[in-house]
Protein chains: 2
Amino acid sequence: MTTYTYDRLFQFTCNSFKKIGCSEEHAATAAVGLLAADLRGIDSHGVARLSGYIRLWEVQRINPQPKIRLVHETPSTAVVDGDAGLGLVVAPFAMQVAIDKAKTAGTGWVSVRNSNHFGIAGYHAMMALKHDMIGMAMTNASALVAPTFSIERMLGTNPIAVAIPAGKQPAFVADFATTTAANGKLEILQRKNADTPLGWVQDKDGRSSTDANILKKQGALLPLGSDREHGSHKGYALGSIVDIFSAVLSGASYGPWAPPFPAYVPMPENMPGQGLGHFFGAMRVDAFRPAEEFKQHMDNWIGRFRAATPAPGHDHVLIPGDPEREAESIRYKEGIPVVDTVVADLQAIAAKFDLVL
Amino acid sequence: MTTYTYDRLFQFTCNSFKKIGCSEEHAATAAVGLLAADLRGIDSHGVARLSGYIRLWEVQRINPQPKIRLVHETPSTAVVDGDAGLGLVVAPFAMQVAIDKAKTAGTGWVSVRNSNHFGIAGYHAMMALKHDMIGMAMTNASALVAPTFSIERMLGTNPIAVAIPAGKQPAFVADFATTTAANGKLEILQRKNADTPLGWVQDKDGRSSTDANILKKQGALLPLGSDREHGSHKGYALGSIVDIFSAVLSGASYGPWAPPFPAYVPMPENMPGQGLGHFFGAMRVDAFRPAEEFKQHMDNWIGRFRAATPAPGHDHVLIPGDPEREAESIRYKEGIPVVDTVVADLQAIAAKFDLVL
């Protein structure tokens, strides 16, 4: 484990993106988005993935100089074509379109095709907060999840983020995979050589499993709910909705045809659309009621839930976004801890591109 | 168990609503909405609740002649005040506003205050389908659900419905409570004197329980995910989002202050808003891409998921909405089975209002 300052990791990440051909502006945008994950304690989605993005560029699945364009629009909607760019660059562009639409139409909704992985959904949703808007972000992803009653991987972990502004309280920020556990949780257990709890994964024959490496053996992640009796059909429906809003609405590739993140995995055949898809939303709070009034009630909502009677063994009830915000304030000051395997990855990038980590 | 034709139950329900003072038009609207639950096999939300609605009218919590009005709007949003009317009447009004907004702005989003229970969310979301729109509906409800790490009931079962049109395939219709199991599932087990699976409920001290009557003993339903290790913080976040969109955006009463459905439960003190809240959305498919193209891809999506390799012991993978659609086609033809306790309830209504069941 090595701890780096935010600035140092930012400089390195930015320089790495410039080395693959990104403009200064795109490199900075991508680095801020990527490192938002590390700052917020979601280590699986930050610099740990930098080498993955670079490998995608090496096999020419990422266009470092995309011409991102709006291909269709109405007063409150748009479709954006990401031109195979980094999702980390395409997503903030599209979220800004949603915010701009909301300024005039009350809400803005943007579906994106021909993109790539965009980091953490919460970062993009939170762009709306400073405009007194509710922000939403979701994305489809490589198929790792078996629907209820199936053994075939049909959906990605397809996260949903919703950011809601408050007044004196910090914002409500939910950001979660529509599976029982995100893939990053498995990676952490793999490093520790530990088992998963029951209900996270199944083996290739659909039997429940605790093997953290089961995805390498044709196993699958389970939808939120784990099994039918505990509501996995609801997690399956949620993941499906994310897939359809992100990819079927926009013309991206969907379901089992979503492009894989690992560059060594061949692209699916007969893809029904282009690249990964995302979906963004922005709703102006004062398109419903005066913003100050709304934010006072959000303060009341948050205060009341924080004061809910805790269960024995727990100090207090958390509000969505609390853990990530606490991580952010600590890590911004004290630096970002990076595990050795990821440090080695970053050093390999430094060597390849003649950069200083 | 007695089986009634749809027409007979419709006539009786419609007449009952007229007896409490609803206009002919409102009574018919409410009866169609209520019976949509029975037709679709969601017995807990249909005629089984008719006596509950009537008791709410008796304690003057339902206004049978509401002046439903639009209190605020932008090109793509509106807030509707339900004037304490039946949710079964207020919801179709508000969903129609969302659909009308979508016709001109691409999408429409309506938050509703001062309403009551609206039956099944899926029925309202499905209103969008015939317009080639995606429909969404959600509502808050009486607090029965404890957030992760809490023993206090803070949220309702807060359902979400999303209806997505297809071409030759039937529409995709997801409609689910944001808890592991809906309250109606507990009611079915109570009638059978059976236990719940682990992971559905907890007792008043936060210990896991299998007692189907635990809600009468200060226990609580659990958010989708059941416990922290299996993602209950995600179900808690989803239920919270439904509460905020439905009630904080509109000015309805939220969280533990949501008005209770049972008329004998006193209203919460210091309510921060008026009545129950709902949230509706409509998105014109061709605000994103040509409708025929979208529907062809939805057919492809649905066909591919239906053909996903089934797990041993299962014939095939279901698409959200399949079981309800099958129930509807059978029950419309063969009639709606009503359990004896509900028949007795309906007979009591018939006696009270001098109606024929």
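In this predicted model, Gly225(A) comes closest of the residues of chain A to the rotation axis, with its C-alpha at 2.4 Å. That axis relates two chains. Chain A can be laid on chain B by a turn of 180 degrees and a shift of 0.0 Å along the axis, and the RMSD is then 0.0 Å. The two copies are thus related as by a two-fold rotation axis.

The contact between the chains follows this arrangement. In chain A, 66 residues are in contact with 66 residues of chain B. Several elements of chain A each supply at least two residues of the side that touches chain B. The strands among them are β2 (69-74), β3 (77-81), β4 (107-115), β6 (160-164) and β7 (172-176). The helices among them are α7 (232-248) and α8 (291-306). The largest share comes from α8(A), with seven residues. By class, the side of chain A that touches chain B has 37 nonpolar, 23 polar and six charged residues. Of the interface residues of chain A, 100% are also interface residues in chain B, so the copies meet through the same surface.

Nine of the nine residues of β4(A) are buried. Strand β4(A) pairs with β3(A) in the parallel sense, over five bridges. Within this pairing, Ala78(A) has Val110(A) of β4(A) as its bridge partner. Between the two strands, the chain passes from β3(A) through helix α4 (residues 87-105) of chain A to β4(A). This β-α-β crossover is right-handed. A further pairing links β4(A) to strand β11 (residues 276-284) of chain A. Those two strands run antiparallel and are joined by seven bridges. Here the bridge partner of Val110(A) in β11(A) is Phe280(A).

The largest nonpolar core has 243 residues, and Ala94(A) and Ala94(B) touch the most other members. Leaving aside residues up to four places away in sequence, Ala94(A) touches Val80(A), Val110(A), Val112(A), His278(A) and Phe280(A).

A separate sheet is found in each chain. In chain A, three strands form an open sheet in the order β9-β8-β10, with antiparallel pairing. Its edge strands are β9 (208-209) and β10 (220-221) of chain A, and each pairs on one side only. Strand β8 (residues 201-202) of chain A pairs with β10(A) in the antiparallel sense, over two bridges. Gln202(A) has Ala220(A) of β10(A) as its bridge partner.

Chain B also has an open sheet of three strands, in the order β9-β8-β10, and the pairing is antiparallel. Strands β9 (208-209) and β10 (220-221) of chain B stand at the edges, each with a single partner strand, so one side of each is left without a neighbour in the sheet. Two bridges join β8 (residues 201-202) of chain B to β10(B), in the antiparallel sense. In this pair, Gln202(B) stands opposite Ala220(B) of β10(B).

A contrast between sequence and space is seen at Lys19(B). This residue lies in helix α1 (residues 6-19) of chain B. Lys19(B) counts as partly exposed because 17 C-beta neighbours lie inside 10 Å. Lys19(B) and Leu355(B) are 336 residues apart in sequence. In space, their C-alpha atoms are 9.3 Å apart.

How values were computed:
Residues are numbered from 1 along each chain as its sequence is written. Chains are lettered from A and ligands numbered from 1 in the order in which they are written. This is a predicted model: local features need pLDDT of at least 70, side-chain atom pairs count only at pLDDT 80 or more; totals for chains, interfaces and linings use all residues. Two residues are in contact if their C-beta atoms, placed from the backbone, lie within 7 Å. Helices (H or I, at least four residues) and strands (E, at least two) are DSSP runs, numbered from the N terminus. Ala, Val, Leu, Ile, Met, Phe, Trp, Tyr, Cys and Pro count as nonpolar, Asp, Glu, Lys and Arg as charged, and the others, Gly among them, as polar. A nonpolar core is a set of buried Ala, Val, Leu, Ile, Met, Phe, Trp, Tyr and Cys residues joined through C-beta atoms within 7 Å. A residue is buried if 20 or more other C-beta atoms lie within 10 Å of its own, exposed if 12 or fewer, and partly exposed in between; C-beta atoms are placed from the backbone. Copies are superposed by least squares on the C-alpha atoms of residues with pLDDT of at least 70 in both. Two strands pair if DSSP finds at least two bridges between them. A crossover is right-handed if, with the strands pointing away from the viewer, the path from the first strand over the helix to the second runs clockwise.
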